[in-house]
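Visitor: I would like to learn how to read the fold and the salt bridges of a protein model. Could we go through one together?

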Amino acid sequence: MKPIIGITPDVEKDDKHFLNNDNMQAIIRAGGVPLIIPIGNGENIAQIVGLLDGLLLTGGNDINPILFNEEPHTHLGEVSPSRDLFELELARQMLAADKPIMGICRGLQLLNVAVGGTLYQDLHQQNEGPMLQHLQKSPTTYPSHFVQLAKGSLLAEIAGSERIQVNSFHHQALKDVPSVFKVSASASDGIIEAVESVDKKFVLGVQWHPELLATKGDAVSLRIFDRFIGACVK
Ligand code: MN
């Protein structure tokens, strides 16, 4: 049986769901069966976790800073409070069950908050000195800035390299990362671009969008999905 991969869609005003097809196609190509999980499902999380072999937390709106004990910064974007709470509980129960999780962009940030980490509500406003452009204006499949991968990390092993070029569509970023995660990629301006679990079977979050690069046939992005789905096979 192919592994069943839950995917959390983005929401508009905590109401309408939407999701780029690239997420589903990347999972199907890697040998998984994607199932989209809507919000408003909080009471069913234990049953959902039992059903899933893996979870993909996708991109979307900003995470409500109240969830890491901060008030909203002037440059905070739109938040999705219902999606935040649903995904946090889903992620925590998946972590407790040691089932594989991959987080993309907001999904990486959600994972960090789920384990007690914090975020820059706006990385450009809350960091000193020259920064890279992390909200690229070029097409979504165009690799923009480079990231340095940590020696010995799962991500470096998957990439087969210690430096890769990624696309970048974020204005929030990880700030404090709890010790249950290790940083596995950083940009040249110091912004954290990926983390992975130190003790779980497979937990990987990336700040860029490998699902968009995978659609274009990018080899590292395809291997990231292959490894994720491989970890989900029972
Ligand atoms: Mn970036």
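Guide: Let us begin with the surface, bearing in mind that this is a predicted model. The accessible surface of the protein chain comes to about 10,200 Å², and carbon and sulfur atoms account for 52% of that surface.

Visitor: How many salt bridges does a search of the whole structure find?

Guide: The search finds eleven, where a salt bridge requires a side-chain nitrogen of Lys or Arg within 4 Å of a carboxyl oxygen of Asp or Glu. One of them pairs Asp 226 with Arg 29, with the closest N and O atoms 2.7 Å apart. This pair links distant parts of the chain, since Asp 226 belongs to helix α7 and Arg 29 to helix α1, 197 residues apart.

Visitor: Are Glu 87 and Arg 106, which also meet in a salt bridge, buried or exposed?

Guide: Both Glu 87 and Arg 106 are buried, and their side chains meet at 2.9 Å, N to O. Glu 87 lies in helix α3 and Arg 106 in helix α4, so the pair ties together parts that are 19 residues apart in sequence. Through shared partners, salt bridges join Asp 10, Arg 83, Asp 84, Glu 87 and Arg 106 into one network.

Terms used: Residues are numbered from 1 along each chain as its sequence is written. This is a predicted model: local features need pLDDT of at least 70, side-chain atom pairs count only at pLDDT 80 or more; totals for chains, interfaces and linings use all residues. Side-chain values use heavy atoms; hydrogens and water are left out. Accessible areas come from the Shrake-Rupley method with a 1.4 Å probe; for residues, only the protein chains shown count as cover. Helices (H or I, at least four residues) and strands (E, at least two) are DSSP runs, numbered from the N terminus. Buried means under 20% relative accessible area, exposed over 50%, partly exposed in between (1.4 Å probe, protein chains only).
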